[in-house]
Amino acid sequence: MNISFRTINPDDLPFLIKLYRSTREEELSLTAMSEEEKQRFIEFQFNAQHAHYTNAYKDAEFNLVLINNKPAGRLYVWRTESQIRIMDIALLPEHRGKGTGTKLLQALINESKETEKKLNIHVEYYNPALRLYQRLGFKKTDDTGVYYFMERMPDQ
């Protein structure tokens with residue numbers, strides 16, 4: 001398995017919407033919305049999130065995760081003088097639970113150690129990856145009511 005990255009571009013939006021939807025399927029399955037309504041809802045939510053990320057984090061890296069040169073996920077990272085913020089990390093369902101997320105996070109952990117910057121992320125309460133973050137040394141430092149703010153110090 002060869003993992004690589006490239007900066008997202010406007011042609012990637014259909015893939016990114018599909019990826020976003022894949023992270024919300026469980027929630028969508030609990031609604032009585034029609035398929036058309038679900039898709040409109042997902043597109044609205046994705047567009048709002050995408051606009052927020054690109055406006056609020058001007059200097060961030062917005063990367064597509066490629067596995068064997070095929071789009072498999074996204075990794076959005078914002079770096080400052082004191083921190084590495086994982087803004088978003090998501091993989092298509094067929095790439096989850098196979099160690100890819102661990103490899104992506106381990107690379108960021110290594111960067112955190114090398115640069116002596118803390119590594120942090122907001123994680124939704126029900127996100128299955130929460131256990132992965134905890135296993136890799138991330139600690140809950142805040143509870144926003146929907147998300148845990150988690151940090152991993154560089155000297156861990």
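Which strands does helix α4 (residues 100-115) lie across? The views below are of a predicted model, in which local features need pLDDT of at least 70, side-chain atom pairs count only at pLDDT 80 or more, and totals for chains, interfaces and linings use all residues. Residues are numbered from 1 along each chain as its sequence is written, and side-chain values use heavy atoms, with hydrogens and water left out.

**View 1. The open sheet of seven strands.** The strand order is β1-β2-β3-β4-β5-β7-β6, and the pairing is mixed. Strands (E, at least two residues) and helices (H or I, at least four) are DSSP runs numbered from the N terminus; two strands pair if DSSP finds at least two bridges between them. At the edges are β1 (3-7) and β6 (139-143), each pairing on one side only. From one strand to the next, the twist averages 30°.

**View 2. The pairing of β5 and β7.** Residues 118-124 form β5 and residues 147-152 form β7; the two are antiparallel, with six bridges. Glu124 has Tyr147 in β7 as its bridge partner.

**View 3. Helix α4 on the strands.** Helix α4 lies across β1, β2, β3, β4, β5 and β7, and runs at about 170° to β4. Angles run from 0 to 180 degrees between N-to-C directions, with axes fitted to C-alpha atoms, for helices over the stretch in contact.

**View 4. Thr100 in helix α4.** Thr100 counts as buried because its relative accessibility is 1%; buried means under 20% relative accessible area, exposed over 50% and partly exposed in between (1.4 Å probe, protein chains only). Leaving aside neighbours within four places in sequence, Thr100 is in contact with Met1, Ile3, Ile67, Leu91 and His95, where contact means heavy atoms within 4.5 Å.
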